[in-house]
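The following note sets out points for the file on this protein. Please read it alongside the sequence and the coordinates.

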Amino acid sequence: QVQLVESGGGLVQAGGSLRLSCAASGRASSIYNMAWFRRAPGQAREFVASIMWSEDITYYADSVKGRFTISRDNARNMVYLQMNSLKPEDTAVYLCAVAPPSTRAHDYWGPGTQVTVSS
């Protein structure tokens, strides 16, 4: 099992920045990929960004490309999401997820952190 805890959410004005953090514990030595998803009110969960644990490969949703940056700290089992030029449509609960090597699917999820962007 892998436990995940997100932090860093909050209220920010449009155009502002936030940095989200996600700490992985438990069997965190087995990580293939870590990712951020988000879920806005009344909408389905959507992919935001992901990063491979052993390679410098990142993926981004088109809606955040150029504004958000995902990074990791393997020694601390942490993943970060730097969010710049925030827009009201970025308002959502942001969730961290881990894909283990055995499934390569995002099987483990954190409870999420709320990000609210005011116009």
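1. A disulfide is taken here as a pair of cysteine sulfur atoms within 2.5 Å. A search of the whole structure finds 1 disulfide. Cysteine 22 and cysteine 96 form this link, with their sulfur atoms 2.1 Å apart. The pair joins distant parts of the chain, cysteine 22 lying in strand S3 and cysteine 96 in strand S9, 74 residues apart. The link is left-handed, with -85 degrees about the S-S bond.

2. The model is predicted: local features need pLDDT of at least 70, side-chain atom pairs count only at pLDDT 80 or more, and totals for chains, interfaces and linings use all residues. Residues are numbered from 1 along each chain as its sequence is written, and side-chain values use heavy atoms, with hydrogens and water left out.

3. The protein chain has 0 helices and 11 strands (DSSP runs numbered from the N terminus: H or I of at least four residues for helices, E of at least two for strands).

4. Buried means under 20% relative accessible area, exposed over 50% and partly exposed in between, with a 1.4 Å probe and protein chains only. Cysteine 22 counts as buried because its relative accessibility is 0%; cysteine 96 is likewise buried at 0%. Of the 119 residues of the protein chain, 43% count as buried.
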